[in-house]
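Here are a few notes to go with the model. Have a look at the structure first, then read on.

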Amino acid sequence: MKVFDTLYTLCLKWAQHKHAEKYLAGLSCSESMFFPIPPDVMLAPMALSQPEKAWRFALVTTVASVLGGILGYILGYFAFESFIQPLVVEMGYQSKLNQASLWFEEYGVWVVFLAGFSPIPYKVFTISAGFLQMAIVPFIVASAVGRGLRFFLVAALMKYGGPMMEAKLRKYIEVIGWGTVAAAVVLYLIFR
């Protein structure tokens, strides 16, 4: 069953939509607070289909993601006990929040950078940073650097890889997709 090939083709179509950049910004912002789909899913095909705009797309993704991170921080800071914590408990994520808190205590601002750059759910750390009342300026700087590196790397791969990268992606999209699902399941089992 070719699930990811179909999704990839759909993302390439969305990337050509006249409002694609706005959708990318909305996805990037919401993913930093609550949405489960990472913006790379739209950024990659957009940068691939319009390589002359790759840096612009990476910048839009970075800025919107950091703004979403700030909103997540504000949610954690002002609404954690009344709104967020009951949801965390209800959804069974208390152990993940506890783990994030331990990482904050041990690594400080570096954990925000790592979450911004890696596939670790950034939203957990934006809300945790607010709840733990981390200094806002280091949070913003670490978010901007981590998210920026990640999204500009994706844009560069697409821009300079061009048709060859598209052919490789198309060829291995199912392996990449199912590999990502398997990695997410493994990470879930490790950190649950």
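Is helix 3 (residues 40–49) largely enclosed by the rest of the structure or exposed?

1. Helix 3 is largely enclosed by the rest of the structure, because eight of its 10 residues are buried (buried is under 20% relative accessible area, exposed over 50%, partly exposed in between, with a 1.4 Å probe and protein chains only). The buried ones are D40, M42, L43, A44, P45, M46, A47 and L48. Helices here are DSSP runs of H or I with at least four residues, numbered from the N terminus.

2. Before going further: this is a predicted model, where local features need pLDDT of at least 70, side-chain atom pairs count only at pLDDT 80 or more, and totals for chains, interfaces and linings use all residues. Residues are numbered from 1 along each chain as its sequence is written, and side-chain values use heavy atoms, with hydrogens and water left out.

3. Next, helix 2 (residues 20–31) and helix 4 (residues 54–90): their axes come within 7 Å and cross at roughly 35°. Axes are lines fitted to C-alpha atoms over the stretch in contact, with angles from 0 to 180 degrees between N-to-C directions. From helix 2, E21, L24, A25, S28 and C29 meet R56, F57, V60, T61, A64, S65, L67, G68 and L71 of helix 4 (contact means heavy atoms within 4.5 Å).

4. T62 also sits in helix 4, and it counts as buried because its relative accessibility is 9%. Its side chain reaches the backbone oxygen of A58 at 2.8 Å. Leaving aside neighbours within four places in sequence, T62 is in contact with A144, R147, G148, F151 and F152.

Notes: Helices (H or I, at least four residues) and strands (E, at least two) are DSSP runs, numbered from the N terminus. A polar contact is a pair of N or O atoms within 3.5 Å; within protein, one must be able to donate a hydrogen and the other to accept it, and residues adjacent in sequence count only if both atoms are side-chain atoms.
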